[in-house]
Amino acid sequence: MNWEIVIGLETHTQLSTASKIFSGASTAFGAAPNTQASAVDLALPGVLPVVNRGAVERAIRFGLAVGGAINRRSVFARKNYFYPDLPKGYQISQYEIPIVKGGAVVVATEAGEKTVRLVRAHLEEDAGKSLHEGLPGGAGDVSGIDLNRAGTPLLEIVSEPDMRSAAEAVAYAKTLHALVMWIGICDGNMQEGSFRCDANVSVRKPGAPLGTRCEIKNLNSFRFLQQAIEFEARRQIELIEDGGSVVQQTRLYDPERNETRSMRGKEEAHDYRYFPDPDLPPLAVDDAWIERVRLAMPELPEAMRARLATEHGIGAYDAAQLTASRELADYYAAACDALPARDATAHKLVANWVLGEFSAARNRSDVAIAAAPIPPARLAELLRRVADGTLSGSMAKNVFDQLWQAGSGSSTGAQVESVDAIIERRGLRQISDTGAIEALVEQVIAANAAIVADYRAGKEKAFNSLVGQVMKASKGKANPAQVNAVLRRKLG
Amino acid sequence: MQTIAELSRALSVRTLSCVELAQDALARIDAAGALNAFVTVDGARALDAARAADARLAREDAPPLTGIPIAHKDVFMTAGMRTTCASRMLADYVAPYDAHIVERLREAGTVLVGKTNMDEFAMGSSSETSYFGPVRNPWSTRCVPGGSSGGSAVAVAAGLIPAATGTDTGGSIRQPAALTGVCGIKPTYGVCSRYGLIAFASSLDTPGAFARSAEDCALLLTAMAGHDARDSTSLARPAEDYARSLRAPASAKPLARLRIGLPREYFREGLEREVAAAIEAALRELRALGATTVDVDLPMVKHAVPVYYVIAPAEASSNLSRFDGVRYGHRAERYADLEEMYCRTRAEGFGAEVKRRILVGTYVLSHGYYDAYYLKAQQVRRLIANDFARALAQCDVIAGPTAPTCAFDIGAKADDPVQMYLNDIFTIAANLTGMPAMSLPCGFTAGGLPIGLQLQGNYFDEARILDVAHRYQQATDWHRRSPPSPQPSPHGGDREQITAR
């Protein structure tokens, strides 16, 4: 009997504003507990929230990126419940009228492209953190509260139940993760909780109405997301096949035991007593604001992929690689811009180097693109000398390594020697002068009569040996293509 | 007791010093301890401020209210001076910051002497629900002064200080002003910032002021009003001098061309005979000053009290959630787990009326009841505002009684919340609409208890209301009557005991 798994995700994206959504306190991660909690975050008596326009702007950017509708008037509501890390006793969140309605994300899966529709995206504040272990001086019965995270802006992105496997859900989450970083609204740091998912999972026979769902809370890695969904779907299927039925629940995933556990059932669900927050007038977003955000919007990955294919002549695979992150795409674009020639050959050359040498070196030394020892302009400087034949591929790699090393050593890169200076100093200029190459070829033919005889007897390998001799005689500087051509001609 | 305007003149010509004025206020407050008008008095701080005020007057760089003693309702944050909201929950709470209006009034030169008593969390119409004991009416200490800002009203009525702040959520400035024979103004919602005011019902809470005259109210409001970026409901408007029209010389018919609307609904059953008579007399006086009166209808206003008692508790139930014992305020001493910590803390920290309203508010917001109660109440609220908009198209101001009765005996309505709530029947609408309103003294009952006239206006029409009240006060002297000097109370020392409990 085959089952269909139905998955919808609710993703909490921490917006990359410097200050909190309703207060001026910093959102930086990792400060000492409660040092980044203002009077508003502590919910002292008498304080009031003021909306951070930067958070609203990021929500608009997201809405535009996914083709959703931006509500000109959205409403902040209070979600009431008691918990020690929720200082006001309510969370301010958009409920009935969110800022973004609809939209969709196109996801590349093994079976091809899949469109995941979005229900909505709404602004809300994060809660603080409860610490139950490792408190200084605390016995087992003491809990601590850290309100540094309280009031951090979140955009909760709610998908339709459009995914049919854990792999699809992960592909959607990865695409969304790349998108929010691409448009600069979230740092994407999953270890720090900047991007976390709740998964709604149900199972059914294909064509049957939706089954009863369970919500798995707070999945903060793609691996956990995959494992939690797989476990939960199996659990539900087994339950039904054993004659039982799924009970609507909120569940937690335990990565150590790879299982989900019930947190609370439907009957224990809170009555959050939502109502519009009287401290905040409806959030008004006018057309002019939306237009400003639209104009400042970067080219989206999908559009850039298409452009790389049609305008740069880059293949689909390489285009997808180059647009995997905004930083890499920007790096590629900057290197292209710094080259004098802007043709398909030049673009292909840049793509090969960015995805090849550059990415390999970056992986080896584990540095961020922004901090890479070779900035895009410098790579362009190098590739210019490859394009004009000054450097052979192997010589260029040699110079690249030297630049990488020099750049890693210096903090600014300003003192790093120019590509041309290195070529000059190390005499790396490729010999492309036909006369000089002919002279070298003649020398080698004269000095290797036996090999020449082998070649003439039909041993193709002998030819390679002669090429090697010429290259050696030129100290590696002869243009290999020219050496090939001249040698063939001379050997007739 | 002199007005702010009179005291300011005396201070500026140096016939009176700020220190003398502050000492006088502190002595009066001390002598009137039996009224229980204050929760906290800080004499040393007041005298320091008074000395600084004298220095400023000497340097001649003094802002308009320099040296004027003032007290703030204990709902406003005052840095370094405790803010209790008259609740056990916050009995020892000291805020690290000043409320916006506290800041503004300090910058205007006022000398803060202390914090006034009130109904716990501003929930009440009698100032009896305070953790620090009931406030007494100086006109008859058997009676309540009204509420919730009863302490502020009494402090001004008894001549202890010339000015005090209050908050008005359903009449909490105007009703005690009426019951104690002083002026009290509730400006348009959004004119004074709510930052630093402990929220009761956020969409209704309005900071305002008590003083002896309309002119003084105008001076206070001019200092208090203004945009505050920390309150998203604070309105960005140009600064306004609310006393600007008051300076025009008095004339025989200063209110010529003024149309006063008289809502038929305000002159029906439930109105005490003596109150009705005093209001009629006041209207005759206003007509004599040139005003014409016109009957208006406010058909939806009969729903104001029930609408209010859905919306206000709903907002309160959420606003008071932060008092959970986790970060500040009262926390139960013994508890086995988190749930019990919450339950005991809140059971011990809140009084009966606060609990009643949290329960009602929680109920009306509950799943399945929201539409029938909260949403419906908001819809009726809009209809009430429409009524006022229509009425104010036919007239310039609306007049009527502030409260249906004069001051009642302490305890008389304490066990009957509905009777207590009905005392706000005429004041609540202005909170639901957000329109400005004030109460001014307009007579006394045979038993010597004050009666208040309420004037309501359209949005941002504070200056016009104040002008009408000022012209009335130029022609009458109700606002100059003072209650008998405070007698040593039979329960002398009451306040100290209550404060210490």
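Is V468(B) buried or exposed? V468(B) is buried, because 28 other C-beta atoms lie within 10 Å. Buried here means 20 or more other C-beta atoms within 10 Å of the residue's own, exposed means 12 or fewer, and partly exposed falls in between, with C-beta atoms placed from the backbone.

This is a predicted model: local features need pLDDT of at least 70, side-chain atom pairs count only at pLDDT 80 or more, and totals for chains, interfaces and linings use all residues. Residues are numbered from 1 along each chain as its sequence is written, while chains are lettered from A and ligands numbered from 1 in the order in which they are written.

**Confidence**

- The predictor gives the complex an ipTM of 0.95 and a pTM of 0.89.
- Chain B has an average pLDDT of 95, and 97% of its residues score at least 70. The pLDDT is the predictor's confidence in each residue, from 0 to 100.
- Residues 488-501 of chain B have a pLDDT below 50. Beyond near neighbours in sequence, this stretch has 12 contacts in the model. Two residues are in contact if their C-beta atoms, placed from the backbone, lie within 7 Å.
- Where pLDDT is low, the predicted coordinates should not be read in detail.

**Where chain B meets chain A**

- The contact involves 34 residues of chain B and 26 residues of chain A.
- On the chain B side, α9 (304-319), α10 (338-349) and α11 (352-365) are the elements that give two or more residues. Helices (H or I, at least four residues) and strands (E, at least two) are DSSP runs, numbered from the N terminus.
- α9(B) gives the most to this side, with three residues.
- By class, the side of chain B that touches chain A has 16 nonpolar, 11 polar and seven charged residues. Ala, Val, Leu, Ile, Met, Phe, Trp, Tyr, Cys and Pro count as nonpolar, Asp, Glu, Lys and Arg as charged, and the others, Gly among them, as polar.

**Chain A overall**

- Chain A has 15 helices and 17 strands.
- Its radius of gyration is 30 Å, whereas a compact globule of 492 residues would have one near 23 Å. The radius is taken over C-alpha atoms, and the globule rule is 2.2 Å times the number of residues to the power 0.38.
- Along the principal axes, the C-alpha atoms of chain A fill a box of roughly 95 × 60 × 55 Å.
- Of the 492 residues in chain A, 40% are buried.
- Among contacts in chain A with a separation of 6 or more, 69% join residues 24 or more positions apart.
- Chain A is assigned domain 1 (4-289), domain 2 (300-417) and domain 3 (434-491). These bounds come from an automatic or database domain assignment.
- The C-alpha centres of domain 1 and domain 3 of chain A lie 67 Å apart.

**Two helices of chain B**

- Helix α1 (residues 4-12) of chain B has I4(B), L7(B), S8(B) and L11(B) as its buried residues.
- Seen down the axis of α1(B), these buried residues fall within an arc of 100°, so they line one face of the helix. The arc is that of the directions from the helix axis to the C-beta atoms.
- The cover over the buried residues of α1(B) includes α2 (18-31), α3 (43-59), β4 (163-168), β6 (206-211) and α7 (214-224) of chain B.
- Helix α5 (residues 150-157) of chain B is mostly covered, with eight of its eight residues buried.
- G159(B) follows α5(B) and has a positive phi near 75°.

- V468(B) sits in helix α15 (residues 462-475) of chain B. Leaving aside neighbours within four places in sequence, V468(B) is in contact with L255(B), L258(B), V397(B) and L455(B).
- Q469(A) lies in helix α14 (residues 460-473) of chain A. Q469(A) counts as buried, with 20 C-beta neighbours inside 10 Å.
- Not counting residues up to four places away in sequence, Q469(A) touches V444(A) and N448(A).

**Backbone points to check**

- The peptide bond from G147(B) to S148(B) is cis, with omega near 10°. S148(B) is in the loop between β3 (111-116) and α5 of chain B.
- R273(A) is not a glycine, yet has a positive phi of about 50°. R273(A) counts as buried, with 25 C-beta neighbours inside 10 Å.
- R257(B), also not a glycine, has a positive phi of about 75°. R257(B) counts as exposed, with 9 C-beta neighbours inside 10 Å.
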